[in-house]
Amino acid sequence: MSLIESLPRIRRWRLPRPDGLVPWIVPLAIVLVWQAACVGGLVPARVLPAPTEVASAGWKLLLSGELLRNIWVSFWRAIVGFAIGGSIGFVFGLANGLSQLSNRLTDTTLQMVRNVPHLALIPLVILWFGIDESAKLFLVALGVFFPIYLNTLHGIRTVDPQLIEMGRIYGMSDGELFRRVIFPGALPSIFVGVRFALGIMWLTLIVAETIAASSGLGYMAMQAREFMQIDVVVLSILIYALLGKLADSTSRALERLTLSWHPAFQK
Amino acid sequence: MQEALRFLVPDAEPVDRTDFIERARRLRDAPEASSRRGLPLSIRSLHKSFGANQVLRGVDLQIPAGQFVAIVGRSGCGKSTLLRLIAGLETIDTGSIGFGEATRPADVRVMFQEPRLLPWANVIANVEVGLGARRREADARRRALDALAAVGLADRAADWPGNLSGGQKQRVALARALVSRPRVLALDEPLGALDALTRIEMQSLLEAAWRREGFTALLVTHDVAEAVALADRIVLLEDGAVALDLDVAPPRPRLRGSPEFGRLEETILDRLLGPRRRP
């Protein structure tokens, strides 16, 4: 019975959707118009190279191994920075959401720090860490920390108190109450924080890499600017867009997986 | 010797495994089932205030085991507070509530006006919550399914609560309250938010469960007709004290619209609204 009940959901999930390509129509059209404009001479190559030129620049970099190495370096920095900042933000969000004492102790401080734009710390961070890996990781972690902290805290604060009361009546221990009621209740909000944080993660990383780095996508773009390789600059920008989309899709997939109970994710 | 054995074996009753499990289960449940009677409640001069607001001013109530008591009153008369005190959701200022003997936490269950189902757990998992600490036992799933079948929702076990109607959600909440076989069930206007037809359906479901399980039921309601239809006894609270304590005589199942029914409803409504103010 439970199998039959869940069949339609599985089938809907597995079916290759014919309209799956619809979101890509607009990006594809933009690239086509761009190509036409370049070929037709509307846009001079020094302002904007044609997509084919960008692609061939990408191919060359791919063959030399430079492209993949830089993408990998940036990707690693993003993931590690996100993991560090995200976990600290999550832990503070939990602590301050669950404990009044912890909240009174740390929230004011965190709110003050939050209002300092973290990219304003770049000069200081360079002085502290040089242009080492730790500088980039520090900035990414700091940038990612706040959206995750705020949304975890908000999620836990807004868990339906009636459900918590119900859990207590039915004899749930503190750990069980957290696992079965508080955490799942806070999860939608935590995911909002994760998606915000992913955007900030790329932004921070690219800025940090263009200012102080000797590898990575941002560094590659800055080097290309020095040598007037505008096709490589455009290539880097396109890769940012694709990486951003990838991060967003990943978090969406996670949302669909864990929030299948939510009416908003059942379509 | 061997021949004797061969002779004996066909005679021996083969052990039917499924039957054996079933019998073992009955044996295990049996002592529970025989003591499966409600708990008596004795409430003595119960006081409760929230700040300066005195909600209960000395409630005295003796409820025999297994009785179905409806508590009616205008809003703010303290009926929900009384129920929350019995359920242990608030602390008592002065006075006492006794349950006759040592109670396990699972002996008193509450059903609220809202179903309060976990939206991220499917229906069957929500019912299992009602088993309390016993939800980790091997037969938790079977007990939850039984409880779900008793409210007629066995086929929705795998669904999310979000896909159920209001009445179905409240039936799941009833299954969750009953799955641990409580000895006292406190109901805080559980049918208040349902439409009239669903409410009548739920009333008979509730009555059937009460007759089957024999728990002591305390139903807080603002619907006098509902109180008359279900309860053995109707207690009217006014200004935080018992103002009227009526036994309801009509035999079950009760027929709506009988004259006896009407008279009883009249008496209570008169008292609630004041005879002069009734049109």
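Predicted model: local features only at pLDDT ≥ 70, side-chain atom pairs only at ≥ 80, totals over all residues.

Biologist: Where does the kink in α9(A) lie?

Modeller: The kink is at Leu187(A), shortly before the proline Pro188(A), and amounts to about 45 degrees. That angle is taken between axes fitted to the seven residues ending there and the seven starting there.

Biologist: What makes β5 and β9 of chain B edge strands?

Modeller: The open sheet of chain B has 6 strands in the order β5-β6-β7-β3-β8-β9, with mixed pairing. Strands β5 (108–111) and β9 (241–247) each have a single partner strand, so one side of each lacks a neighbour in the sheet. From one strand to the next, the twist averages 20 degrees.

Biologist: How do you know that β3(B) pairs with β8 of chain B?

Modeller: Pairing requires at least two bridges. Strand β3(B), residues 68–72, is joined by 4 bridges to β8(B), residues 233–238, and the two run parallel. One such bridge links Val69(B) with Arg233(B). To β7(B), residues 216–220, β3(B) is likewise joined by 4 bridges, again in parallel; here Ala70(B) has Leu219(B) as its bridge partner.

Biologist: Why is β3(B) called largely enclosed?

Modeller: A residue counts as buried if 20 or more other C-beta atoms lie within 10 Å of its own. In β3(B), 5 of the 5 residues are buried, so the strand is largely enclosed by the rest of the structure. Phe68(B), Ala70(B) and Val72(B) are buried on one side, and Val69(B) and Ile71(B) on the other, which leaves both faces covered.

Biologist: How many residues of chain A are in contact with chain B, and which elements supply them?

Modeller: There are 16 residues of chain A in contact with 20 residues of chain B. On the side of chain A, α1 (2–14), α8 (161–169) and α9 each supply at least two residues. Helix α8(A) gives the largest share, 5 residues. By class, that side of chain A has 9 nonpolar, 4 polar and 3 charged residues.

Key
Residues numbered from 1 in each chain as written. Chains lettered and ligands numbered in written order. Axes fitted to C-alpha atoms, helices over the stretch in contact; angles between N-to-C directions. Contact = placed C-beta atoms within 7 Å. Nonpolar A, V, L, I, M, F, W, Y, C, P; charged D, E, K, R; others polar. Buried ≥ 20, exposed ≤ 12 C-beta atoms within 10 Å, placed from the backbone.
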